[in-house]
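User: I'm new to this one. Can you walk me through it?
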Amino acid sequence: MDITIILKIAGIGILVAVICQLLKQTGRDDMAMLVTLAGLVVTLMIVIDLIGGLLNNVRQVFELY
Amino acid sequence: MTVVKLLGVALLSCAAAVILRAYKPELVIPFVIAAGCVLLLSVLEALTGIFSDLRAALARYGIDARYMGVAIRVIGIAYLIQFASNICKDAGENALSGKVEMVGRVLILSVSIPVILDILDILARFAAYI
């Protein structure tokens, strides 16, 4: 029951939102886009590991070979 | 006690998702998937105990273990399909969610074919007496 992953992803999301707002104010919209993409990639990497773990667990518990 | 903890985590991630949706809608989907995974993972351990008890009980009554295996597999498929289709619905992709559910039905049918054939055999044998 490690909720640290949820907090980590929420933190990434909010951090990306803040940085994007900052970059938009200073007029550098392209950088804001890159930061959003980076946040999305990092979040997806974390989520992919989690989904892999979940699917393996389900496969063992329910014998879905 | 675990109910309170699980509910706390669910509500926390729901609140965080609402906040995240306000600023960065594209980051909400991975976040919701991660929260769902954590909740499901925390419940999975309990299931292994339940299934072994059920299997022991069925063995005591002499019921074929194969049927229990099929039942467990069907529950697993339904478990995953419901998880995926709810996430699709949450993302607004209702068409995709319907397709995922249709795939789930086909998979469950393919798993339960042997049991259906057994039932037909029994019925045929039973009909012979009438």
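Analyst: We'll go through salt bridges, a helix pair and a surface patch. Keep in mind that this is a predicted model.

User: How many salt bridges are there over all chains?
Analyst: The search of the whole structure finds four.

User: Which residue does B:Arg55 form a salt bridge with?
Analyst: A:Glu63, with the closest N and O atoms 3.2 Å apart. That pair crosses between chains. B:Arg55 sits in helix α2 of chain B, and A:Glu63 in the segment after α2 of chain A.

User: Is B:Arg55 buried or partly exposed?
Analyst: Partly exposed, because its relative accessible area is 30%. A:Glu63 is partly exposed too, at 23%.

User: What about B:Arg66, which residue is its salt bridge with?
Analyst: B:Asp118, again with the closest N and O atoms 3.2 Å apart. The pair links distant parts of the chain, 52 residues apart. B:Arg66 is in helix α3 of chain B and B:Asp118 is in helix α4 of chain B. B:Asp118 is buried at 18% relative accessible area, while B:Arg66 counts as partly exposed at 43%.

User: At what angle do the axes of α3 and α4 of chain B cross?
Analyst: Roughly 175°, and the axes come within 8 Å. The two helices are therefore roughly antiparallel to each other. Their contact residues divide into 15 nonpolar, five polar and five charged.

User: New topic. Which residues make the nonpolar surface patch?
Analyst: B:Leu109, B:Ile113, B:Ile116, B:Leu117, B:Ile119, B:Leu120 and B:Leu123. The patch is about 610 Å². One of its residues, B:Leu120, is found in helix α4 of chain B and counts as partly exposed at 48% relative accessibility.

Definitions and conventions:
Residues numbered from 1 in each chain as written. Chains lettered and ligands numbered in written order. Predicted model: local features only at pLDDT ≥ 70, side-chain atom pairs only at ≥ 80, totals over all residues. Heavy atoms only, no water. Axes fitted to C-alpha atoms, helices over the stretch in contact; angles between N-to-C directions. Helix = DSSP H or I, 4+ residues; strand = E, 2+ residues; numbered from the N terminus. Parallel < 35°, antiparallel > 145°, perpendicular 65-115°, else oblique. Nonpolar A, V, L, I, M, F, W, Y, C, P; charged D, E, K, R; others polar. Patch = residues over 30% accessible without salt bridge, like charges linked within 9 Å, V, L, I, M, F, W, Y side chains within 5 Å. Areas by Shrake-Rupley, 256 points an atom, 1.4 Å probe, with all protein chains shown as cover. Salt bridge = Lys/Arg side-chain N within 4 Å of Asp/Glu carboxyl O. Buried < 20%, exposed > 50% of the residue type's maximum accessible area, 1.4 Å probe, protein only.
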